[in-house]
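Trainee: I have a structure open and would like to learn how to read it. Could you take me through it step by step?

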Amino acid sequence: MQELIIILLLLVCAVLIYKVKVSRSQPATPSNEQNTPQETDLTNAYLPLGEKRVIPESEHQIPRKRLDDNAMKVVYRLHDAGYDSFLVGGCIRDLLLGEKPKDFDVATSAHPEEAVELFHRGRLIGRRFKLLHVRFGRELIEVATFRAGHDSDENNNGEQGRQADSGLILRDNVYGSIEEDAFRRDFTVNALYYCAKDYSIYDFANGYPDLQKKIIRMIGDPEQRYREDPVRMLRAARFAAKLGFEIDPDTAKPIHQLSPLLARIAPARLFDESLKLLQSGYGAASFRQLQRFDLFRYLFPLTHAQLNESEWPTATLVQQVLKNTDRRLEQGKSVTPAFMFAALLWYPMQERYLRLLDEKDMPPLQALHEAANQVLSIQVKSTAIPRRFSAPMREIWELQLRLPRFQGKRAEHLLSHPRFRAAYDLTLLRESAGEDLNGLGKWWTDYQQANDSERSQMQRSFEHNTPKKRRRKRRKPVNKPHE
Ligand code: ATP
Ligand code: MG
């Protein structure tokens, strides 16, 4: 009897061992793996595109407390309603790098119309790319449905998906599986999915090894992906600057040739991108990357045109303003697009201003307003500038004319101007770029630090020589038509 039991036990063991072996040797299919990761590749080896790598928590070591509570609430709410959902994109990339993510994005199998039903504070936005926004106080969680590519005609010419002959994606609402969603993301390091069920990370595009190697690599054929959305060129430059990563040579190669495609992008989108590039804490590095790929010209054409002209210290001012902005952000100080745009466009405005004074003999204030109009109307063809920023830009420029005239009560008046601080900062920047303003910046620095009696003495005694009007030699008209 005992022997029989032993034989039976041995048989059961053999069957169990066989089952485990068979399940391990089965190829990983994305559908059976989605919620039950079975195969874990802990190495940094590159897998064929689409093959799923599961990085368990013990390997990636993202502390759970660093996951955003509100984003996790959204993920769990979608799970409870029976949908797949993951934290995805830049937040996972940044957490793996030990950085604080700027925002948290969620990807889900729920369609936007299904997902919106689940959240009181949910709102559908966008036409080109339909999204759900879930608001928690000041925090916004973006929930995107898994997208698929635009391969078939059916996907390419309808309500959901539309692509121009040039390859540009006009509408991107073709839904698909998580793998398809991974392939339509831009760079491999941006296509990592965090599964809140088992705290592992799913990688379908070799984002994990690229992250270890610090490489920005486009998913798929780079040229085609840039044609679909030229903004990806700016994003490549941005992530290289922000993360300090190298851009893979195949990803970098088409950028020079395709950069003119950026001229077709809506100015409002380029305004948003320019802020992400230049006003997110790594503006100086972004500028270097933009210059490396000759992309800056598509954001600031007038500034770009002056960069190599020795007549204007534009390059120095641009570098100074970006460095200052980076420093302020690092110190937790506020920054405003109005100041950055006013500074970046200062010399293009100044060039027109001087020309109007010179050629049209306009009074200074009128010339300044006219020059501001001219510059802004050209700039908004590249990047839109909402009025809440263009109005203070004009004031900052106008104050450059008024700051040298501080005699009597004017100084106090100027000091209380809501744009005084920005105008004063621009004056300091102009001086550090090499403009001779006759000690104007120092006068205002001293004035702000002085007590009441010192101030009234400064107003009386200091004879500040307003910088002389810079007269330029009248240029011979170029391209004059032959008579
Ligand atoms: P950050 O928020 O730090 O600027 P991010 O990678 O999160 O960087 P977002 O603009 O927030 O960038 O986009 C979130 C994710 O959406 C990206 O990580 C990427 O996967 C995808 N994505 C965004 N823009 C594009 C695009 N133009 N083409 C393809 N995928 C994109
Ligand atoms: Mg993000």
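Predicted model: local features only at pLDDT ≥ 70, side-chain atom pairs only at ≥ 80, totals over all residues.

Trainee: Which residues does Val106 touch, not counting residues up to four places away in sequence?

Mentor: On that count, the partners of Val106 are Ala71, Val74, Val75, Ser85, Phe86, Leu87, Val88, Ile141, Glu142 and Val143.

Trainee: What is a nonpolar core?

Mentor: In soluble globular proteins, nonpolar side chains tend to be buried together. A residue is buried if 20 or more other C-beta atoms lie within 10 Å of its own, exposed if 12 or fewer, and partly exposed in between. A nonpolar core is a set of buried Ala, Val, Leu, Ile, Met, Phe, Trp, Tyr and Cys residues joined through C-beta atoms within 7 Å. Here the largest such core has 109 residues, and Leu87, Val106, Tyr193, Ala342 and Ala343 touch the most other members. Helix H11 (residues 231-243) gives the most to this core, eight residues. Helices (H or I, at least four residues) and strands (E, at least two) are DSSP runs, numbered from the N terminus.

Trainee: How many residues of H18 are buried?

Mentor: Eight of its eight, so to speak mostly covered. They are Pro337, Ala338, Phe339, Met340, Phe341, Ala342, Ala343 and Leu344. The buried residues of H18 pack against helices including H14 (267-278), H16 (301-307) and H23.

Trainee: And which residues of H23 are buried?

Mentor: In H23, the buried ones are Ala422, Ala423, Tyr424, Leu426, Thr427, Leu429 and Arg430. Their packing partners include H17 (314-330) and H24 (440-449). After H23 comes Gly434, with a positive phi near 115°.

Trainee: Is Asp172 buried or exposed?

Mentor: Asp172 is buried, with 22 other C-beta atoms within 10 Å. Asp172 sits in strand E8 (residues 169-172). Leaving out residues up to four places away in sequence, Asp172 touches Arg128, Phe129, Arg147 and Gly161.

Definitions and conventions:
Residues numbered from 1 in each chain as written. Chains lettered and ligands numbered in written order. Contact = placed C-beta atoms within 7 Å.
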